[in-house]
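Please look over the structure below.

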Amino acid sequence: MVMISQVEKKPVVDIFPTKSNKTNFTGIPVIDLSSPEDAKNLIVNACQDYGFFKVINHGVSPLLVSELENEAIEFFNMRQYEKDQYCPPNPFGYGRNKIGTNGDVGWIEYLLLTSTNFPTNSKIFSSLTNEYVKEVRKLGCTILELMAEGLKIEPKNVLSRMLSDENADTVFRLNHYPPCLDPNSNHDSDLNNKSMSHGRTSIGFGEHTDPQLISIARSNATSGFQIYLEDGTWVGVPPDETSYFINVDDLLEVMTNGRFRSVRHRVVADSFKSRVSMIYFGGPPLMEKISPLGSLMEPGEESLYNEFTWFEYKSCTYKTRLTDNRLSLFHKHSHPVH
């Protein structure tokens, strides 16, 4: 029987060491949502420069976050056979090691849930998840409206309406990355092998971009999240339990005609401590047509992408590997993707 180590309830803060050749990289952009007039322009700058930023004063209840994380920890600390028998991923439910159906693996176990159905192992867990997703969806709408204001496009809800739509296709994911001491270990059989050598790390979740509009992530105090910079370097993002990290996703890159970039990112498993993260993936209704916003286009500016529906793009993601550039399949040939 494969057993996963117990999740640590109070991990110690650890800044993941990284090296970067980007001399002008000064750190993750931090956006204070209590100052919307400043935030709207700072968000646009962050989306253009990195496709990534952190928000503070976000309004999500710390108590709600804490209670949900504790429920997630209780779930991941169940015996492995209990989790394996419960809600296998198809694609939603509990899964481990395998990410998708195309051969990607990671040092991870997870719960993947739709935005309207939370079949967890307890009513309390399900109720907290439902309440949390509502709060984070509201946060996502606020951020998208600030983006629109910063871009000077109207109406203000041109982006947020897709998240607030009752048919919005969004996903909620809870990830647990157990400590991993051996980067060459077999992901299927060595998940809790105590003979692993010390000091090395393994990929918890391989490099990729998120396909939706926007991703809103929060983790415990264990490091491991990294983003890819345009100069070809990876930089570690120091964890912050009180804040949210925002990813620009593929659809938002298309709708801004490349002004915003979908951030490539990955997670490296820590050698000694567990990492628990919760991510809200905000997607539009399935039949929503995706193309660059006309109100954003300059006179004579050409669209970089062919129009497609979210359903078409989502279907594409199920057929590709994590590292694949899915947007290239919808990019106009006169503007090749780099």
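## Burial and overall make-up

Of the 338 residues in the protein chain, 56% are buried (under 20% relative accessible area, with a 1.4 Å probe and protein chains only; exposed is over 50%, and partly exposed lies in between). The chain exposes about 15,200 Å², and carbon and sulfur atoms supply 50% of that area (Shrake-Rupley method, 1.4 Å probe).

This is a predicted model, in which local features need pLDDT of at least 70 and side-chain atom pairs count only at pLDDT 80 or more, while totals for chains, interfaces and linings use all residues. Residues are numbered from 1 along each chain as its sequence is written, and side-chain values use heavy atoms, without hydrogens and water.

The protein chain has 7 helices and 14 strands (DSSP runs numbered from the N terminus: H or I of at least four residues for helices, E of at least two for strands). Among contacts (heavy atoms within 4.5 Å) with a separation of 6 or more, 76% join residues 24 or more positions apart.

## Helix α2

Helix α2 covers residues 62-76. Its buried residues are Leu64, Val65, Leu68, Glu69, Ala72, Ile73, Phe75 and Phe76. At the start of α2, a side-chain oxygen of serine 61 comes within 3.3 Å of the backbone nitrogen of leucine 63.

## Confidence

The mean pLDDT (the predictor's confidence in each residue, from 0 to 100) of the protein chain is 85, and 81% of its residues reach 70 or more. Over residues 186-201 pLDDT stays under 50, and the model has 45 contacts beyond four places in sequence for them. Where pLDDT is low, the predicted coordinates should not be read in detail.

Note on methods:
Expected span 1.5 Å × (residues − 1). Polar contact = N/O pair within 3.5 Å; in protein donor to acceptor, adjacent residues only side chain to side chain.
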